[in-house]
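Welcome, and please take a moment to look over the sequence and the 3D view. We will then walk through them together.

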Amino acid sequence: MASIASIPEQLNGLQLSKAEDASVRLFIPKLAEHPEFRKIVSDLGLNIRGVHFEHADFFAGLFDFSFKQTFGRSDFETMNEFAIALEKLVEMEESA
């Protein structure tokens with residue numbers, strides 16, 4: 001499952017980040033068992049959240065991922081790097 005939403009973040013009327021936000025929900029139970037799972041995700045440039053809200057407990061290998069760095073990049077660069085990072089997660093899950 002994937003989604004792209006337009007969510008402008010503003011402070012006193014100043015645009016702080018791009019309006020686009022993308023997230024993908026993946027079921028990766030084997031990789032989630034890895035002792036360095038959170039570090040792997042972080043090293044790929046991804047944020048991880050529980051499926052119900054940002055700080056929710058993780059549920060049986062089901063996670064929502066978003067890309068950490070969006071500022072200073074084009075939408076194409078951001079989505080391309082996000083897709084590459086997610087592909088690496090899927091490959092790790094398949095080889096686990």
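What follows is a short tour, from the overall layout to a few pairs of side chains.

This is a predicted model, in which local features need pLDDT of at least 70, side-chain atom pairs count only at pLDDT 80 or more, and totals for chains, interfaces and linings use all residues. Residues are numbered from 1 along each chain as its sequence is written, and side-chain values use heavy atoms, with hydrogens and water left out.

Let us begin with the layout. The protein has three helices and six strands; here helices (H or I, at least four residues) and strands (E, at least two) are DSSP runs, numbered from the N terminus. Starting at the N terminus, the order of the elements is β-β-β-β-α-α-β-β-α. Of the contacts between residues at least 6 apart in sequence, 51% join residues at least 24 apart, where a contact means heavy atoms within 4.5 Å.

Buried residues account for 31% of the 96 residues; the term means under 20% relative accessible area, while exposed means over 50% and partly exposed lies in between (1.4 Å probe, protein chains only). The protein exposes about 6500 Å², and carbon and sulfur atoms supply 56% of that area. These accessible areas come from the Shrake-Rupley method with a 1.4 Å probe, and for residues only the protein chains shown count as cover.

Next, find strand β6, which covers residues 62-67 and holds aspartate 64. Which residue forms a salt bridge with aspartate 64? The partner is arginine 25, and the closest N and O atoms are 2.7 Å apart. A salt bridge is a side-chain nitrogen of Lys or Arg within 4 Å of a carboxyl oxygen of Asp or Glu. Because arginine 25 sits in strand β4 (residues 20-27) and aspartate 64 in strand β6, the pair ties together parts that are 39 residues apart in sequence. Aspartate 64 counts as buried because its relative accessibility is 10%, whereas arginine 25, at 27%, counts as partly exposed.

By this rule the count comes to two salt bridges. Lysine 39 and aspartate 43 form one of them, with their closest N and O atoms 2.7 Å apart. These two residues are four apart in helix α2 (residues 37-43), so about one helical turn separates them. Lysine 39 is partly exposed at 46% relative accessibility, and aspartate 43 is exposed at 56%.

Finally, turn to the aromatic rings. A pair of aromatic rings is described by the distance of the centres and the angle of the planes. Rings of Phe, Tyr and Trp (its six-membered ring) pair if their centres lie within 6.5 Å; planes under 30 degrees apart count as stacked, over 60 as edge-to-face and the rest as tilted. The structure holds three aromatic pairs. In one of them, phenylalanine 63 and phenylalanine 65 have ring centres 6.1 Å apart and planes at 50 degrees, so the pair is tilted. Phenylalanine 63 is buried at 3% relative accessibility, and phenylalanine 65 is buried at 0%.

Phenylalanine 67 and phenylalanine 82 also form a tilted pair, because their planes stand at 55 degrees, with the centres 6.1 Å apart. Phenylalanine 67 belongs to strand β6 and phenylalanine 82 to helix α3 (residues 75-95), so this pair ties together parts that are 15 residues apart in sequence. Both phenylalanine 67 and phenylalanine 82 are buried. To finish, look for the cluster in which ring pairs link Phe37, Phe63 and Phe65.
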